[in-house]
Amino acid sequence: MPDTPRHNWTTDEVETILTLPLFDLIDRARKIHKTYHPEGSVQLASLMSIKTGGCPEDCSYCPQSAHNQAEIDREGMLETEKVLEAAQRAKDLGASRFCMGAAWREVRDGEEFDRVIDMVSGVRDLGLEACVTLGMINADQARRLAEAGLNSYNHNLDTSPEFYGQIITTRDYESRLETLGHVRAAGIGLCVGGIIGMGESDFDRARMLEVLANLDPHPESVPINALVAVEGTPLEDRPKTDPLELVRMCATARILMPASRVRLSAGRRALTKEAQILCFLAGANSIFYGETLLTTANADCDEDRALLAQIGVPLSAPDEDEASPQSRTDAA
Ligand code: SAM
Ligand code: DTB
Ligand code: SF4
């Protein structure tokens, strides 16, 4: 039997793992990966922006912040039909999860949230897992999303509590954790991760992973993003992230959160085939799959399928066991 996942990691322990000699780190992560994920599948999650730009938050990495000067095509809330057509296309291309993102600080009740609810149930009716990322939500909104069949809510911590204030000033870490609490209480799976390459130290990376790994239970999905430095954002001049830093993050996340899906997320387009393979070897078992992320380009779908076929990993099917809300099962 594998060791039970822990929730009492210290910063020192995590930083020690993160900075191990690379082969020792990969060996350790690989052993855990094979124990907890013997099937070795990779999840393909498609991503679509359902409301783009004009966001009141001042996240300094984000092209969608109204505080930044990135040139993006702002777009109001999309029609449900258009989103469900895209979800069907994603399914036809092999995706098992469909994620929808809105450039909101928080969810407001009303016509737009009702539309998100329709989108979620529509995506579930297509036989796909559904994930949304909508900013802060309250307990009642989380309950409605659960009833619509939402599998997972994405709400990233982005970085360490100590570095957070240098990246975002319009909200605090505590409010992120509060939303995560509402999502959990409603029985929805958590998708929580962060970004590297914003000028943070190894300590900050370790602290972020420590906070994630001490959530009990662990988030089911952990997206690891490398900054996509977009012109017109305060982080536009940040140097490119060394791919081996992503390998280290994936491996450490795998060791700390053995049963979770670790998603090699934004920044994958800048990686060679070999660097991506190292990330998979180190424990990444999910990717964003589709021509675009939210506003920036992603890796090519045909190349992704070819790469996964070449290394011979199976694709995951929509997960029946994924924290699927009881209310939906009851209603069926
Ligand atoms: N507005 C919602 C929120 O912030 O929770 C949802 C959408 S927001 C774009 C989702 C996540 O995308 C952010 O938390 C951040 O981790 C990631 N992200 C945004 N811009 C990025 C960039 N330029 N590079 C890497 N990750 C980015
Ligand atoms: C996550 O961790 N990464 C995704 C998703 N969750 C919503 C977003 C990446 C956005 C990259 C920049 C853009 O395309 O706008
Ligand atoms: Fe808004 Fe989310 Fe971008 Fe921050 S990351 S500016 S909250 S869309």
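Predicted model: local features only at pLDDT ≥ 70, side-chain atom pairs only at ≥ 80, totals over all residues.
The space that ligand 2 takes up is the largest cavity. A cavity here is a set of points, on a 1 Å grid over the protein atoms alone, where a 1.4 Å probe fits but cannot get out. A molecule counts as sitting in one if more than half of its atoms lie within 2 Å of its grid points.

Residues are numbered from 1 along each chain, chains are lettered from A and ligands numbered from 1 in the order they are written, and side-chain values use heavy atoms, with hydrogens and water left out.

What surrounds ligand 2? Its neighbours include Leu 47, Pro 63, Thr 133, Asn 154, Asn 156, Asn 225, Phe 288 and Leu 294; being near means having a heavy atom within 4 Å. That shell splits into six nonpolar, six polar and no charged residues. (Ala, Val, Leu, Ile, Met, Phe, Trp, Tyr, Cys and Pro count as nonpolar, Asp, Glu, Lys and Arg as charged, and the others, Gly among them, as polar.)

Now for ligand 1. Of the 17 residues around it, Tyr 61, Asn 156, Asp 158, Arg 176 and Val 228 come nearest. This shell holds nine nonpolar, five polar and three charged residues.

Here are polar contacts of these two ligands, meaning pairs of N or O atoms within 3.5 Å:

| Ligand atom | Protein atom | Distance |
|---|---|---|
| Ligand 1, nitrogen | Tyr 61, polar backbone atom | 3.0 Å |
| Ligand 1, nitrogen | Trp 104, polar backbone atom | 3.2 Å |
| Ligand 1, oxygen | Asp 158, polar side-chain atom | 2.6 Å |
| Ligand 2, nitrogen | Asn 154, polar side-chain atom | 3.2 Å |
| Ligand 2, oxygen | Asn 225, polar side-chain atom | 2.8 Å |
| Ligand 2, oxygen | Leu 294, polar backbone atom | 3.0 Å |

How much of ligand 2 does the protein cover? It covers 88% of the 410 Å² of accessible area that ligand 2 has on its own, by the Shrake-Rupley method with a 1.4 Å probe.

Ligand 3 has Cys 55, Glu 57, Cys 59, Tyr 61, Cys 62, Ser 65, Ala 103 and Arg 171 around it. Five of these count as nonpolar, one as polar and two as charged.

Finally, how confident is the predictor? The chain's mean pLDDT is 95, and 95% of its residues reach 70 or more; pLDDT is the predictor's confidence in each residue, from 0 to 100. Over residues 322–332, though, pLDDT stays under 50.

Note on methods: Polar contact = N/O pair within 3.5 Å; in protein donor to acceptor, adjacent residues only side chain to side chain. Contact = heavy atoms within 4.5 Å. 1 Å grid on protein atoms, 1.4 Å probe; cavity = no way out; pocket = protein on both sides within 12 Å on 5 of 7 lines; lining within 4 Å.
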